[in-house]
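Let us go through this model by question and answer. Please look at the sequence and the structure first.

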Amino acid sequence: MYRYDEFDAAMVRDRVAQFAYQVERRLKGELTEDEFKPLRLKNGLYLQLHSYMLRIAVPYGTLSARQLRKLAFIARKYDRGYGHFTTRQNLQLHWPKLVDVPEILGHLADVEMHCIQTSGNCVRNVTADQFAGAVAGELEDPRILSEIVRQWSTFHPEFNYLPRKFKIAVSGTKEDRAAVKFHDIGIEIVKNDKGETGYRVFAGGGMGRTPYVALLIGQFVAKEDILAYLEAILRVYNEYGRRDNIHKARIKILAHHLGADELRRQVEVEFAEIKKAGTLQLPAEELARIAAYFAPPAFEALSDSSPEFEAALKEKDFANWAKTNLTAHKAPGYTIATISLKNIGATPGDISSDQLDAVAQLMDDFGYDEIRVSHEQNLVLPHVRKKDLPKLFARLKELNLASANAGLITDIICCPGLDYCDLANARSIPIAQKIQERFADLERQHDLGELKIKMSGCINACGHHHAGHIGILGVDKKGVEFYQIQIGGSGAEDASVGEIMGPGFGKDEIVDAIERLVDTYVKLREGNERLLDTYRRVGMTPFKNSVYREQLHAAY
Amino acid sequence: MLTANRLRDGEVVYWRKGEWVEAYTDGEVFADPPAADAALEAAKDFVKRNIVVAPYLFDVREDGTPVKEREIIRAAGPSVRRDTGKQTHHDVSFAAPQKPKPRATGEAPDVSI
């Protein structure tokens, strides 16, 4: 994985010292809250419903065992012994004290971590496919470009005061696990007709109150041109993005107002200017230097079939887990293992300090260099020898981290909601937990197949409800929590925005409504159709009829 | 009632006769809107003195419980982590989870296209 050079290290240390001084001045009253707020936000520190919240950057979702241990230590010493992985692959601590944050940042710097680019109207922490560098069929590890974008965008003086936040995601495969088309800029690594690797660039995707799938802007951008091209998009946005209305300030509004052709034209004009100057061309040597950090580990020459693995498949628990939580690896004899953070009835994405330490120990014991955080709020071991799987599974079971539900109905994306968040209108976690409990039966889950429920406690859509096969949005009706259902969204390569079904349900009705929806799918599905496919074939009406039927009867 | 967060540690605090207390049940319920507005005005001095941030008023019922779910959760702590927040050391019986209604029984309705 990437290791800091002296510039990175000095930059992060300087930032810690700056923030320590800012906190000191705030406590002495030399800075007012209005003056201090933008400074703390630029260091990932929010004020939430109960307390401060610190958002720690996990660039492109990659962590080492040493970093996990440090996170465990920080959560234990300065917080309440747990943290929450987010849909942007970051880790949030819900209870830090302002006076402790400088020390926390110092501990993070010790392991090459920080909270830079986790808030404010700048280019945010870049996200990438959690299977990067491991998955079969990948053209190139998306973290190479992600790291280059991180270096280019961090503290970029021109883009420190954008109209609004700006999120970039990168994927190296045809299958999109990074939701690139729901980002301000989404990048897909592709090959052109000549067999050269380059980048397909989408812009103007987003969720929130105005969800949009991104527009295709750059069909094929050559490797050496990518920073110039990204800078061109940012310049157009920085100049024309709306600053008069926070709800219309994201690039998605500008992009869909201009349309793909006009946005592309404006970007091309800027791009030509930047290219003429020639200062942003990516030198091949620099690209190679960064790429070397992401070189895969030396894989052993293994047969793709493993007797240990095959034998373990006879055991039902293991077979269930293998069916959903393993993904084909590019090296024979290896696999990718998803560690679900979605135990039935647990808080999606939460992990305790003890579990963080235990996972770090497991990484040491099995010789894994790194672990990934997925935007679906799970952890991923990218390079697992198949022959190690039975032992690994046994260890995960001991740690209560062996749920066999990756990609299934109980693998719910869920924002913290009103239980923690100052912006939320309704709780999301208890609803996710009740849905998990309703569908806890594993056979039923497997029968339902891939089914993505995504849930947000407010219209800002941190829980990606627009991209859920089933999306749930919490709203506030005169102080009471209500839940709206959407269906037909997808954050994958077949990206689409879900359609709102109708009036919302109370917190004691929503789980029954979801069950009626799912039962309708079971009755209507053909062949191997997922719920998403069935919806796309038959439309909203039959789902709506069954979901609202009881209520309609009641109304008559 | 009037609430804010303490600057140093972020703790949620409530106003009681010119000072801040941690427990919701120790907080002062104002008799009328002018009394509430006067307290909010007085709270600005605590903001200036860097003791609290973001003070605001919220509505409570006759029995003293918050009208909005948001304030119930703020007063108690996360409803999904009863081992965290004020609920671990203050009386927050008003925030006790309500009994869910029994689940509707009967067959799933037929599906028509």
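**Burial, domains and the chain interface**

Of the 556 residues of chain A, 53% count as buried (20 or more other C-beta atoms within 10 Å of the residue's own, C-beta atoms being placed from the backbone; 12 or fewer is exposed, and in between is partly exposed). The model is predicted: local features need pLDDT of at least 70, side-chain atom pairs count only at pLDDT 80 or more, and totals for chains, interfaces and linings use all residues. Residues are numbered from 1 along each chain as its sequence is written, with chains lettered from A and ligands numbered from 1 in the order in which they are written.

Q: What radius of gyration does chain A have, against the value for a compact globule?
A: The radius is taken over C-alpha atoms, and the globule rule is 2.2 Å times the number of residues to the power 0.38. With 556 residues, that rule gives near 24 Å.

Q: How many helices and strands make up the secondary structure of chain A?
A: Both are DSSP runs, numbered from the N terminus: helices are H or I with at least four residues, strands are E with at least two. By that count, chain A comes to 18 helices and 21 strands.

Q: How far apart are the C-alpha centres of domain 2 and domain 4 of chain A?
A: Domain bounds come from an automatic or database domain assignment. Chain A is divided into domain 1 (6-110), domain 2 (142-293), domain 3 (307-398) and domain 4 (413-555). The centres of domain 2 and domain 4 of chain A lie apart by 32 Å.

Q: How many residues does each of domain 2 and domain 4 of chain A bring to the contact?
A: Two residues are in contact if their C-beta atoms, placed from the backbone, lie within 7 Å. Domain 2 of chain A gives 11 residues, and domain 4 of chain A gives 12 residues.

Q: Why does Asn325(A) count as buried?
A: Asn325(A) sits in helix H11 (residues 316-325) of chain A. Leaving out residues up to four places away in sequence, Asn325(A) touches Ala337(A), Thr338(A), Ser340(A), Ala404(A) and Ala406(A). Asn325(A) counts as buried because its C-beta neighbours inside 10 Å number 26.

Q: Which strands stand at the edges of the open sheet in chain B?
A: The sheet has 4 strands in the order S3-S2-S1-S4, with antiparallel pairing; two strands pair if DSSP finds at least two bridges between them. An edge strand has a single partner, so one side of it is left without a neighbour in the sheet. The edges are S3 (19-21) and S4 (52-57) of chain B.

Q: Which residue in S4(B) stands opposite Asn5(B)?
A: Strand S1 (residues 2-6) of chain B runs antiparallel to S4(B), joined by 4 bridges. Opposite Asn5(B) stands Val53(B).

Q: Why is helix H2 of chain B largely enclosed by the rest of the structure?
A: The cover over its buried residues includes strand S19 (480-487) of chain A and strand S2 (12-16) of chain B. H2(B) (residues 69-76) is largely enclosed because its buried residues number 7 of the 8.

Q: Which element supplies the largest share of the side of chain B that touches chain A?
A: The contact takes 31 residues from chain B and 35 residues from chain A. On the chain B side, S4 and H2 each supply at least two residues. The largest share, 4 residues, comes from H2(B).
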